[in-house]
Amino acid sequence: MIDPQEIDLTRYIDHAILHPAATLEAVKMGCNAAMQYDFPAVCVYPSAVKTARECLHNSHTAVCAVIGFPSGASTSATKLYEAMEAMENGATELDVVINVGWIKAGNGEGVYREIAQLCEETGQTIKAILEMSLLTPAEQQLAATVCLDGGAAFLKTSTGWFGGATVEDVRLLRELTGGGAGIKASGGIQTPEQAIALIQAGATRLGTSRGVELIKARQGGGE
């Protein structure tokens, strides 16, 4: 297990600016904060990708766009268009919500084809959002397996709209990936202690809108 004292939270945070009422000014402020702390990525809606790219063009922080967010129930063609447009506007990472209804109906092949097409057509880093809280253990395994087979670089626990990340979810995904893909824990991460527990369980990225607060709390003496 990683020693908590050796964990630099700034290396893990995908800074989320995903409130439906977020303005482009809020996006700019979020990007500036991400640059200040050198977060790996800023995660925005497709409509904000151009603004984020303009803000981050001289930094190491990547632009991540959410695709099919938050329901995952868009058609595959719609997701592909959304992903391609986001990529053309400057996104290099794409957080794609899978069609949870397909998984619950046993249609793993449909999810596989969708992820595989997005990986092939965009050539970008795809993080498949599984929405773990809505799935049974068998469905979680099916979702993880088909997304990995389709080429997803990361498995992401959730959108945060239907429950947040848990240590148990991350441990399961680490077991299923066998270290062959990244794991993004997202949703409800409110304290440095919670963030560290998720990292110790196997998370390689953390999706949160509270990145700055987590860093400040840690620097102020929290774990």
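This is a predicted model: local features need pLDDT of at least 70, side-chain atom pairs count only at pLDDT 80 or more; totals for chains, interfaces and linings use all residues.

Colleague: At what angle do the axes of α3 and α5 cross?

Modeller: The axes of helix α3, residues 76-88, and α5 cross at roughly 25° and come within 10 Å. Angles under 35 degrees count as roughly parallel, and α3 and α5 are therefore roughly parallel to each other. Their crossing is right-handed.

Colleague: Which residues make the contact between α3 and α5?

Modeller: On the α3 side they are S76, K79, L80, A83, M84 and M87, and on the α5 side E114, Q117, L118, E121 and T122. Sorted by class, this contact of α3 with α5 has 5 nonpolar, 3 polar and 3 charged residues.

Colleague: How do the axes of α6 and α7 cross?

Modeller: Helix α6 covers residues 137-149 and helix α7 covers residues 167-177; their axes cross at roughly 45° and come within 10 Å. That angle makes α6 oblique to α7. The crossing of α6 with α7 is right-handed. From α6, the contact takes in Q140, Q141, A144 and L148; from α7, D169, L172, L173, L176 and T177. The classes in this contact of α6 with α7 are 5 nonpolar, 3 polar and 1 charged.

Colleague: And what about α7 and helix α8?

Modeller: Helix α8 spans residues 192-201, and its axis comes within 8 Å of that of α7, the two crossing at roughly 20°. That makes α7 roughly parallel to α8. This crossing of α7 and α8 is right-handed. In α7, V167, V170, R171 and R174 meet A197, L198, Q200 and A201 of α8. The contact of α7 with α8 comprises 5 nonpolar, 1 polar and 2 charged residues.

Colleague: Now the sheet. How should I think about strand pairing?

Modeller: Strands of a sheet pair through backbone hydrogen bonds, in either a parallel or an antiparallel manner. Here 8 strands close into a barrel, in the order β1-β2-β3-β4-β5-β6-β7-β8, with parallel pairing. On average, neighbouring strands of this sheet are turned by 25° against each other, direction ignored.

Colleague: Over how many bridges do strand β7 and strand β8 pair?

Modeller: Strand β7, residues 182-186, and strand β8, residues 205-208, pair in the parallel sense over 3 bridges. S186 stands opposite G207 in β8.

Colleague: Which strands do helices α2 and α5 lie against?

Modeller: Helix α2, residues 49-56, lies across β2 (41-44) and β3 (62-67), and runs at about 170° to β3. Helix α5, residues 108-122, packs on the sheet and touches β4 (93-97) and β5 (125-129), its direction making about 160° with that of β5.

Colleague: How many salt bridges does the structure hold, and can you show me one?

Modeller: The structure holds 11 salt bridges. One of them joins K127 to D14, with the closest N and O atoms 3.2 Å apart. This pair links distant parts of the chain: K127 is in strand β5 and D14 in strand β1 (residues 13-17), 113 residues apart.

Colleague: Last, the backbone. Is the peptide bond from F69 to P70 cis or trans?

Modeller: The bond from F69 to P70 is cis, and its omega is near 5°. P70 is placed in the loop between β3 and α3.

Colleague: What is phi of D38 near, and where does D38 lie?

Modeller: Phi of D38 is near 60°, a positive value in a residue other than glycine. D38 lies in the loop between α1 (24-37) and β2.

Conventions:
Residues are numbered from 1 along each chain as its sequence is written. Side-chain values use heavy atoms; hydrogens and water are left out. Two strands pair if DSSP finds at least two bridges between them. Helices (H or I, at least four residues) and strands (E, at least two) are DSSP runs, numbered from the N terminus. Axes are lines fitted to C-alpha atoms, for helices over the stretch in contact, and angles run from 0 to 180 degrees between N-to-C directions. Contact means heavy atoms within 4.5 Å. Angles under 35 degrees count as roughly parallel, over 145 as roughly antiparallel, 65 to 115 as roughly perpendicular and the rest as oblique. A crossing is left-handed if the near helix is turned anticlockwise from the far one by less than a right angle, and right-handed if clockwise. Ala, Val, Leu, Ile, Met, Phe, Trp, Tyr, Cys and Pro count as nonpolar, Asp, Glu, Lys and Arg as charged, and the others, Gly among them, as polar. A salt bridge is a side-chain nitrogen of Lys or Arg within 4 Å of a carboxyl oxygen of Asp or Glu.
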